[in-house]
Amino acid sequence: MKAELNHCHAALSSGSLSFQNVKTFQTTAVDASASDDGVLVVHCSDPRYQPHFQSFLRQGLGIPRYALLAIPGGVQALTLTDYLPKFAWSGWRWMKFLTNLTSPRRVVLITHDDCRWYLDNRFAGAVNARDLQVEDLRRVGRAFRERFGDINVELYYAALEDSRARFETVS
Ligand SMILES: [Zn+2]
């Protein structure tokens, strides 16, 4: 009898864990009064880095919520004003929209190691990728200050280390 009950309980538990059987999902509460709305983040869409970016922003930098532009290559689109002007125009249009929406006092720009966008499109080779990506971060950081005035811009470089990622400040 006991074994039967345990079996039944186990079946119920595993069933309730499957989201496919549930019609709705409710997240845990977020403090909407947090005064961190004025943060704008740009980073790459690479799926390997998403949990690490979120962890870094929330736990590492203490930002509970932020406006986000996540596109392949991150800030790289914003550097292409000469090479692919329409591409760059869209990127800066989105930045202007988010800046108007959130009046950010803090902008966080993150690039990462082994970025397939840079490598697969031959914007960079494996040897010079890091230098080029860091230079792009700095260029876009300067452009943010020129376009949107007195904004605190922070630059970071992330690299995977096994199942974790390490974030370094870029000055
Ligand atoms: Zn990437």
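Modeller: With length. The expected span of a helix is 1.5 Å times one less than its number of residues. Keep in mind that this is a predicted model.

Biologist: What should the 20 residues of helix 5 span at 1.5 Å a residue?

Modeller: They should span 28 Å, and the end C-alpha atoms of helix 5 are 28 Å apart, so the two agree. Helix 3, residues 85-102, reaches 25 Å from first C-alpha to last, close to the 26 Å expected.

Biologist: How do I read the sides of a helix?

Modeller: An α-helix has 3.6 residues a turn, so residues three or four places apart point the same way. Now look at helix 5. Its buried residues are Gln 133, Asp 136, Leu 137, Val 140 and Phe 144. They lie on the same side of helix 5 because they cover an arc of only 105 degrees around the axis.

Biologist: Which residues are exposed on the other side of helix 5?

Modeller: Asp 131, Arg 142 and Glu 146. The cover over the buried residues includes strand 3, helix 4, strand 4 and strand 5.

Biologist: Which residues of helix 3 are buried?

Modeller: Gly 91, Met 95 and Thr 99. Their arc is only 75 degrees, which puts them on the same side of helix 3. They pack against strand 1 and helix 5. The face turned away carries exposed residues, including Lys 86, Arg 93 and Phe 97.

Biologist: What comes just after each helix?

Modeller: Check phi there. Ser 103 follows helix 3 with a positive phi, near 40 degrees. Just after helix 5, Gly 149 has a positive phi of about 80 degrees.

Key:
Residues are numbered from 1 along each chain as its sequence is written. This is a predicted model: local features need pLDDT of at least 70, side-chain atom pairs count only at pLDDT 80 or more; totals for chains, interfaces and linings use all residues. Helices (H or I, at least four residues) and strands (E, at least two) are DSSP runs, numbered from the N terminus. A residue is buried if 20 or more other C-beta atoms lie within 10 Å of its own, exposed if 12 or fewer, and partly exposed in between; C-beta atoms are placed from the backbone. The arc is that of the directions from the helix axis to the C-beta atoms. Two residues are in contact if their C-beta atoms, placed from the backbone, lie within 7 Å.
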